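Please keep the sequence and the 3D view open while reading.

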Amino acid sequence: MATMAVNNGVNVQALLDAREALKGAPEAAKFAWRATCKWQNGTHSESKVKGFFGLGQEQQHKTETSFSADHPEIFASEDKGVTPVEYMLVGLASCLTAGVAAVAQNRGIQLRSVESNVEGSMDIRGILGIDSEVRNGYDDIKVTFKIDADASKQEIEAIVAQSQKRSAVYDVITNPVNVTVEVL
Amino acid sequence: MIGAGHAGLAASRFLTDRSIDHVVLERGDVANSWRTERWDSLRLLTPNWQSRLPGLAYDGPDPDGYMSSSEVVAFIDRFARVSNAPVRTRTSVTSVRPADGGYEVITSTGAIRCRCLVLASGACNVASVPAVAAGVPPSIVQVTPFDYRNPANLPDGGVLVVGGSATGVQLAAEIQQSGRPVTLSVGEHVRLPRTYRGRDVLWWMDASGVWNQRYDEIDDLTRARRLPSPQLVGTAERSTLDLNALAGLGVTLVGRLAAIRDGRALFSGGLRNVFSLADLKMERLLATFDAWARASGREADVGAVERFAPTQVPASSPLQLDLTRRGIRSVVWATGFHPDYRWLDVPVLDEKGGLRHDGGVVDDAPGLYALGLPVLRRRKSTFIHGIEDDARDVIDHLVSHLDSPGASRSTA
């Protein structure tokens, strides 16, 4: 349980209250996350994120965020942004990190620093259509955390394991999801 | 009382002790599910010396052994006889509804009015099979633990066993050893060694008080009640049957079954983390045992501290399996069980079909009780020896209800 002394900047009480409140209101728990994307030129696109739906109504982030995506010059692109697959790594690492902070707070463990490296390996013969046996996406993803906290190694490992268990991005990467792509 | 298994009979014993008029309804014979719904090799997870019911302890020749189903039947039968339980066998309950401040129970042999009713009909009446089962190609045989008796029931060829509970690991081991190559799909599971520091791990659960932890002291009771059974098997060798042991037998371990698309089973890539979670939880439990042994001065009664190798992550674990092409001829759904309350016409179920109750006292239904459900009042609730304390508490509540002025409206 959280103690007053521990402060990782996570309002665990609000999360626990929300958990209680949503137990009896499954409709309010239905969220929809959105992004819009606009082609610029070549492999360059600009995506924006502002609104989402949740707690039964439209919601807005405080500010709109833009994301440039492109491919590097070795792919004969202009490299005006990181590749879409790198955004996936950002999503995974930031989701697990948020989870680490929340779980540590809930368990009364003070964090001093949480750093991670994420690496996804990919055989690009897949996307280039060279070998149909090779998948397009990552064949392996490795996240390495370095955590400094008032806790034993085992407690830290347990926090990281729990953050994976409750991570939306980890889930959607490790399990299949239905994807519909259509044209208006 | 509905159900003449160990739970209903234990409660009956306490009612008899208080001279309260009652009847135990049983759809078949005493200990019916142990007679008819168990696979051949099944043995209790608890050692014989732990098999005790109110006033009846195991007195056979093998206190460290594990009872077979027929031995459990004999033990419960004997308990029914020595406690002279008023059992009405071959009597199925078809409906229960509130009536006159009590309940009306419609059975295959007539209607009964009662002031109080205890549901002791078991936690494992129906096999829970996930919706993804609909995607299994029709040429593949599907069985639940209720259909399964032994490996010879299955066609020759590969077997996909889904679920890493005691049931899943036990069936995976014996099917693999029958020459049918097993792929075992595991999600979150409970890893335990059979023995720890020279004692049965369930001796530790009992002695250290972990098993006695009360339902109202548990942080996440919903989770505790949904926990799969621990990966244990009762054998003469007292061997551990964890995932490392299964991998050693040649079983292929894959992640949680997430979907079946076009005859292809898709498994979660999160296998490594479910291993970590189970290893960490086991280590935490063993550390609890060690701390208890130190604090209680029991160090001399047990062996040296042991630690176990982490669950070995397979070098390559398939994320998908084309079932028919890869020779899978049958699927065993070891994906849990749930109670059957279709005959219960009282609005006491939650949105998932579970009984709403507080330690066996059913919510918003005065006089209605339950026994024998997971962590009903204590962590040991579903084990045979765990029923005594639960039944005593629940019958205490029932008796105070009978004595309360509110219940006197009843005419029965």
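B:Val105 stands opposite B:Ile112 in β7(B), where strands, like helices, are DSSP runs numbered from the N terminus (strands E, at least two residues; helices H or I, at least four). This is a predicted model, in which local features need pLDDT of at least 70 and side-chain atom pairs count only at pLDDT 80 or more, while totals for chains, interfaces and linings use all residues. Residues are numbered from 1 along each chain as its sequence is written, and chains are lettered from A and ligands numbered from 1 in the order in which they are written.

The pair named above belongs to β6(B) and strand β7 (residues 110-114) of chain B, which pair in the antiparallel sense over five bridges; two strands count as paired if DSSP finds at least two bridges between them. A hairpin with two residues between its strands links β6(B) to β7(B).

## A parallel sheet in chain B

Five strands of chain B form an open sheet with parallel pairing, in the order β10-β19-β11-β12-β15. Its edge strands, each pairing on one side only, are β10 (141-143) and β15 (252-254) of chain B, and neighbouring strands of this sheet are turned by 20 degrees against each other on average, direction ignored. β10(B) pairs with strand β19 (residues 328-333) of chain B in the parallel sense over three bridges, and the bridge partner of B:Gln142 in β19(B) is B:Val331.

## Hairpins of chain A

In chain A, β3 (residues 44-54) takes part in several antiparallel pairings. Two bridges join it to strand β1 (residues 32-33) of chain A, with A:Trp33 opposite A:Phe52 of β3(A). Strand β2 (residues 36-41) of chain A pairs with β3(A) over five bridges, and A:Asn41 has A:His44 as its bridge partner in β3(A). These two strands, β2(A) and β3(A), form a hairpin with two residues between them, where A:Gly42 in the turn has a positive phi of about 60 degrees.

β3(A) also pairs with strand β4 (residues 57-69) of chain A, over nine bridges, and A:Lys48 stands opposite A:Ser66 in β4(A). The hairpin of β3(A) and β4(A) likewise has two residues between the strands, and A:Leu55 takes a positive phi near 55 degrees in it.

## Helix α2 of chain A

Helix α2 (residues 84-106) of chain A has 23 residues and reaches 33 Å from its first C-alpha to its last, close to the 33 Å expected at 1.5 Å a residue; the expected span is 1.5 Å times one less than the number of residues. Its buried residues include A:Leu89, A:Leu92, A:Leu96 and A:Val100, a residue being buried if 20 or more other C-beta atoms lie within 10 Å of its own, exposed if 12 or fewer, and partly exposed in between, with C-beta atoms placed from the backbone. The buried residues of α2(A) pack against α1 (12-23), β5 (111-121), β6 (140-149), α3 (153-165) and α4 (168-174) of chain A. Just after α2(A), A:Gly108 takes a positive phi of about 70 degrees.

Eleven residues of chain B are in contact with ten residues of chain A. On the chain B side, β16 (257-261) and α8 (271-295) are the elements that give two or more residues, and α8(B) provides the largest share, five residues.

Conventions:
Two residues are in contact if their C-beta atoms, placed from the backbone, lie within 7 Å. Axes are lines fitted to C-alpha atoms, for helices over the stretch in contact, and angles run from 0 to 180 degrees between N-to-C directions.
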